[in-house]
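The following explanation leads through a protein model, from its overall make-up to individual elements.

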Amino acid sequence: MLNWLKEKMRVRNDAQRRRAGGIHGNTWDIVDREWDEAKLRARERYLVLLKTAISDVLDPAQSEDRYYRLIDCFVNLLVADYGFFFHWDEGRKQAALAASTRILDRPVSEIVLRAEQSSLAAAILQSEQMLALDGLLNPNDAAYATLLGGLAQPVKSAIHVPLIAQGYKLGIVVLAFNASRPFGPDELLQLREAADQIALALRVTHQETEIQKRLLEVNTLAQIGNALSESERVGLQSVLQLIVESARELIPPIEQAVIHLFDNEEQVLIPEALIGYENSEEGKRKMRIGEGVAGQALETKQLIHIPDVNSDPRFIRLNPNSKIRSLIVLPIISGAERLGALSIQSGIPNAFTGEHNRLLSALGAQAAIAIENAHLIENTKQALKEAHALYRVAQGVAASLDPDEVMKDTVDLLQKNFGYHYTQVFVADPDTGNFIMRAGSGPIGATLKEQGYSLLPGEGIVGYTAETGTAFFTNNVNEILSYERHPLLPDTKSELAMPVRIGDEVLGLLDIHQAPPKRLTQRDVQLVSAAADQLAIALQKAALYEDLQIALQQEKAIRNQMVQNERLAVMGRLLASVSHELNNPLQAIQNALFLLKEEKGISQQGRQDLDIVLAESERMAGMIGRLRDTYRPTQAHEFHPTQINDLIMDVHALIATHLRHNQIAFEFHPDETLPAIPALSDQLRQVVLNLMVNAMEAMPNGGILRAFTQYIPESGEVTLTMSDTGTGIHETVLPHIFDAFVTDKEKGTGLGLTITYDIVAKHRGRIVAANNDDGGATFRVWLPLENRELL
């Protein structure tokens, strides 16, 4: 179709021909009329094309073909061979092909101008002037300054028309001609007028589109905000899924989107919400910080926008079938804390713009709030759970004063309340220095305790913690060279050892095991530390209680001993007084008997009876003498080195016949290294005799009497033990066995053990009595090796 300029040339040529034929007068009026009519027709055609173009640009139904219809209008105006529209990205200072009337060898979306071509586009837009080029012959010539490059060769003429409205740079229309094409001033003026009108219409559509985008953005962010307010109810995963779905709605080029959450413990990104990966594993894998574009963005804490992955070395294509061509990755940051990354992708190069970066940043801010809210809620719930669990642990361990029960309660409560795979408590053995497992959770703990499970100093994580005195934990025990895996704990992957201490004193070690998929965290360190503190207080309390019980028992024993000593002292004074009073008349009786024995005329029977009376009176005098010796004050020089083994042998020789008659076997197990002790030998002999006679009387039907001696160098003492297989001591009598006149024998006086106790006490020793588990009773005497202050 001819334009108005061609029409004008045709009319002028017709007029010249008529003038040459002699046509004059009114004929020229006809020519002028035809000329004016041609101008009107051309103007009308121009206005129709312009109106159609503006209508197409403003028609929302034509939004997909808007740019094509725009350039079609310009092509028709100048009857160009080709038309192109390059969209201008002010943020990136880059021009990209948006529409073309020529069929190209690649998609329009893949065509982005090179840097020098974008510079030319920027200059045209900056000048706001059209650039007409005619007579282009060689694309390699410097004069071949066109945006077309290899899009429309060979091109002989071209004109660049900037579309600018209200200072907003929309892009550039390029019309290309295969033949040389001059451009007249009227033609350029009309083209400028059309460009201004179409640019204004295009700006209006852009503004409407922008308003719609803003409304959609506001509504979307409001929906996300509502979801955030209910994040405790709907959950973090649902909120993040809403964000990636909203991203696709706000940014149409998105084909795939994913939100990764950052695991600070493992230092990895874990996909939490995604779209567009229904038939692909890409985007679903974990990645370490610094790995992949998402890992790089999170490491640098900077947004990464890659217009074309084929020309950017930061993108490494792990999947050869991947169709990704452009992407944006936004790190999700809160202050200095890394929370995750939001990634969007498209199979079209240059699919995303600076505006998309802004929208993604807004969504990233919402994601950061969602993640922080979730962390806060989770931390609050976990803190409440831990506080409740710690309260139960403290309540459990406080309910017992038995150290073993306290440790067992602790390991069981930790495993039950915090889901640990296995927990145990070690305590150092003061003799060997090894660490003995005193309590373990569950059946495994019971088995290990029964086996006497222990660790050498420095062995494993527990031994290392004991040496350093500081907590230690790992989520990969296989990386610890000193780790020793027990066959009963094959699943352990994480381990935490925590000293149980009060001040600088280490009371034990709390050992925590965890199995996959669970892991130990720094929060577990704090939790177990609190539990270890509770355990330390409970153990200290139990130890104090045990010490208190021992002190009370010792105080009671001392008090009983003081009472016993007082009784013995009273009885001693009484016996000394009685023996003194008996001694005087006894001597008179003895003297009378001696005189009577000298008398003549006494029958043989009378003399025999008199000898018996004399013998009994001498025995009574000896007994009174021994009582006086026992309860009279003694001096240090009266103590002489005495061998206990010899005393036992002497006493046994004295009563051997009685033992044999009573069918009692005697076993003596002497300590050959037993040293002599300072003692009153006669009195100790009396002690041995009393104990042996007591044992003999307790076995009326026969039995075994065993005697043991032992040297204890640590305490500087020797021990004498007498054990029988008799009837034992009655329960009501045992606590008062050494009291005077206390006995369970039918004919006993209850003084023999009292005198024995007193003799032992005089030697600064001690004596105890106990019933044997298998029958009979045992008396044990401790005597010091050195002279101590005498009673």
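Predicted model: local features only at pLDDT ≥ 70, side-chain atom pairs only at ≥ 80, totals over all residues.

Residues are numbered from 1 along each chain as its sequence is written, and side-chain values use heavy atoms, with hydrogens and water left out.

The secondary structure comprises 17 helices and 24 strands; helices (H or I, at least four residues) and strands (E, at least two) are DSSP runs numbered from the N terminus. Of the 791 residues in the protein, 42% are buried, where buried means under 20% relative accessible area, exposed over 50%, and partly exposed in between (1.4 Å probe, protein chains only). Among contacts (heavy atoms within 4.5 Å) between residues at least 6 apart in sequence, 62% join residues at least 24 apart.

Helix α4 covers residues 115–127. Its buried residues are Q117, S118, L120, A121, I124 and L125. Viewed down the axis of α4, these fall within an arc of 155°, so they line one face of the helix; the arc is that of the directions from the helix axis to the C-beta atoms. The cover over the buried residues of α4 includes β1, β2, β3, β4 and β5. On the other side of α4, A115 and Q126 are exposed. After α4 comes E128, with a positive phi near 60°.

Elsewhere, helix α13 (residues 522–598) contains L548. L548 counts as partly exposed because its relative accessibility is 44%.

Key
Expected span 1.5 Å × (residues − 1).
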